[in-house]
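Work through these exercises with the model open beside you. Try each task before you read its solution.

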Amino acid sequence: MIIIVNATEHKVQSTDLAAALAELGYAGQAIATAVNGSFVAAADRVGTPLRANDRVEVLAPMQGG
């Protein structure tokens with residue numbers, strides 16, 4: 001299915017947020033996520049279903065000064 005991640009289309013086989021993030025290479029990273037504009041806590045990603053054309057935002061903390 002096609003989902004939109006940070007404004008870019010991606011084809012994924014996964015049907016939940018946690019698996020899609022792993023499939024896209026985000027596993028193990030400290031990130032914040034939202035699906036269709038709603039924040040999804042890390043503990044809830046496994047149970048968060050994805051559907052075709054869902055919009056996923058992935059934000060990583062920035063370091064520096």
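**Exercise 1. Contacts along the chain**

Solution. Start with the ground rules. This is a predicted model, where local features need pLDDT of at least 70 and side-chain atom pairs count only at pLDDT 80 or more, while totals for chains, interfaces and linings use all residues. Residues are numbered from 1 along each chain as its sequence is written, and side-chain values use heavy atoms, with hydrogens and water left out. Next, the term: contact means heavy atoms within 4.5 Å.

**Exercise 2. The fold in outline**

List the secondary structure elements in order, then judge how compact the chain is.

Solution. Helices (H or I, at least four residues) and strands (E, at least two) are DSSP runs, numbered from the N terminus. The protein chain has one helix and five strands. Their order along the sequence is β-β-α-β-β-β. The radius of gyration is 11 Å, close to the 11 Å from the globule rule for 65 residues, so the chain is as compact as a globular protein of that length. Here the radius is taken over C-alpha atoms, and the rule is 2.2 Å times the number of residues to the power 0.38. Along its principal axes, the C-alpha trace spans about 40 × 25 × 20 Å.

**Exercise 3. Inside the protein**

Which residues make up the largest nonpolar core, and which element gives the most to this core?

Solution. First, the cut-offs. Buried means under 20% relative accessible area, exposed over 50%, and partly exposed in between (1.4 Å probe, protein chains only). A nonpolar core is a set of buried Ala, Val, Leu, Ile, Met, Phe, Trp, Tyr and Cys residues joined through side-chain atoms within 4.5 Å. Of the 65 residues, 31% count as buried. The largest core has 12 residues: Ile3, Val5, Val12, Leu17, Ala20, Leu21, Ile31, Val35, Val40, Leu50, Val56 and Val58. Two or more residues come from each of β1 (2-5), α1 (17-23) and β5 (55-59). The most come from α1, with three residues. Now take one core member, Ile31. Neighbours within four places in sequence aside, Ile31 is in contact with Leu21, Tyr26, Arg45, Val58, Leu59 and Ala60.

**Exercise 4. Positive phi**

Look at Asn6 and Ala7. What is phi near in Asn6, and what is phi near in Ala7?

Solution. Asn6 lies in the loop between β1 and β2 (8-11). Phi of Asn6 is near 50 degrees, a positive value in a residue other than glycine. Asn6 is partly exposed, at 29% relative accessible area. Ala7 is placed in the loop between β1 and β2. Phi of Ala7 is near 70 degrees, again positive in a residue other than glycine. Ala7 is exposed, at 67%.
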